[in-house]
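Look at the sequence and the model first, then read the points below.

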Amino acid sequence: PWVPIISLAKGLEQGTQLRMTQVIHEELPGHPAGLLAGPNIAKEVLQGMAAAAVIAMADEQIARSLQRVFGSRVFRIYTNTDVIGCELGGPLKNVIAIAAGMADGLGVGHNTRAMVITRGLAEITRFGVAFEARPETFAGLTGMGDLLTTCMSPLSRNRQVGERLAAGQTTAQIVDSMSMVAEGIKTSAVVMQMADRIGLPMPISAEVAAVVKGERSPAQAFRGLMRLPPGAERDAH
């Protein structure tokens, strides 16, 4: 029963709002649970291009043992004991990537994309800290690194969803035509349920969730964000 279980999934369970390692603990009690995550586009990893990822385990010794198992000359593995932070970065960046894709699809420019990504990172960090993650985790591979890749790569499924929403397609049309899963579609609703439960402002995620549900258009979402009064950079807006 001691054998470690490593999650490769980036999501939050519908209904329970549990992280994947929490699901593992429920389904396989007694097994140490952790995750392998980072800015890794699968196609590039398969092609042998250099990349880095994080093994997150509460037990540093187990993490170091697994570091040797998963690492290679071109796949650098780092360790982190902040399982919560590393695990929240993945689902949340998928939501922000949809927003970045909508920005690109609307043709609003590189400045706007940079604004979405950086304010999105601030939003992700606030959310993570509210759920007991360490803030510095979100400046690392599973935070900023994964966010940049997913928001900027043309291979990113969540970014593609945003672009297609901006082109006028509905969420149902996009899902029906995709052969792979874009996790941010379902995650956006779960993230907002969790944020609303603790009264945490998540303006970008809220707009993405509304667009995904068909409650407003991408253009309306961006106009709504721009109407929010800017405060200090540490603030939600």
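Helix H4 (residues 83-106) packs against helix H7 (residues 157-166) at an angle of about 40°, the axes being 6 Å apart. This is a predicted model: local features need pLDDT of at least 70, side-chain atom pairs count only at pLDDT 80 or more, and totals for chains, interfaces and linings use all residues. Residues are numbered from 1 along each chain as its sequence is written, and side-chain values use heavy atoms, with hydrogens and water left out.

- Helices (H or I, at least four residues) and strands (E, at least two) are DSSP runs, numbered from the N terminus.
- Axes are lines fitted to C-alpha atoms, for helices over the stretch in contact, and angles run from 0 to 180 degrees between N-to-C directions.
- H4 and H7 are therefore oblique to each other. Angles under 35 degrees count as roughly parallel, over 145 as roughly antiparallel, 65 to 115 as roughly perpendicular, and the rest as oblique.
- On the H4 side, the contact (heavy atoms within 4.5 Å) is made by Asn94, Ala97, Ile98, Gly101, Met102, Asp104, Gly105 and Leu106.
- H7 contributes Asn158, Arg159, Val161, Gly162, Glu163, Leu165 and Ala166 to the contact.
- By class, the contact of H4 with H7 has 7 nonpolar, 5 polar and 3 charged residues. Ala, Val, Leu, Ile, Met, Phe, Trp, Tyr, Cys and Pro count as nonpolar, Asp, Glu, Lys and Arg as charged, and the others, Gly among them, as polar.

**Salt bridges**

- The structure holds 11 salt bridges, each a side-chain nitrogen of Lys or Arg within 4 Å of a carboxyl oxygen of Asp or Glu.
- Glutamate 60 and arginine 64 form one of them, at 3.1 Å from N to O. Both residues lie in helix H3 (residues 60-70), 4 residues apart, about one turn of the helix.
- Glutamate 60 is partly exposed at 27% relative accessibility. Arginine 64 is partly exposed too, at 43%. The cut-offs are under 20% relative accessible area for buried, over 50% for exposed, and in between for partly exposed (1.4 Å probe, protein chains only).
- Arginine 157 pairs with glutamate 183 at 3.7 Å, N to O. Arginine 157 lies in H7 and glutamate 183 in the loop between helix H8 (171-177) and helix H9 (184-198), so the pair ties together parts that are 26 residues apart in sequence.
- Arginine 157 is partly exposed, with 28% relative accessibility. Glutamate 183 is partly exposed, with 24%.
- Arginine 216 bridges to glutamate 207, with the closest N and O atoms 2.9 Å apart. Arginine 216 is partly exposed at 33%, whereas glutamate 207 is buried at 12%.

**Helix H10**

- In helix H10 (residues 203-212), 9 of the 10 residues are buried, so this helix is largely enclosed by the rest of the structure.
- The buried residues are Pro203, Ile204, Ser205, Glu207, Val208, Ala209, Ala210, Val211 and Val212.
- Their cover includes H4, H5, H7, H8, H9 and helix H11 (218-227).
- Glycine 214 follows H10 and has a positive phi, near 80°.

**Glycine 90**

- Glycine 90 lies in H4 and is buried, with a relative accessible area of 3%.
- Glycine 90 touches Lys10, Thr142 and Asp146, not counting residues up to four places away in sequence.
- Glycine 90 and threonine 142 are 52 residues apart in sequence and 6.6 Å apart in space, C-alpha to C-alpha.

- Most residues other than glycine have a negative phi.
- Glutamine 17 has a positive phi, near 65°. Glutamine 17 sits in the loop between strand S1 (5-7) and helix H1 (20-27), and is buried at 16% relative accessible area.
- Glutamate 132 also has a positive phi, near 75°. Glutamate 132 sits in the loop between helix H5 (110-130) and helix H6 (141-152), and is exposed at 67%.
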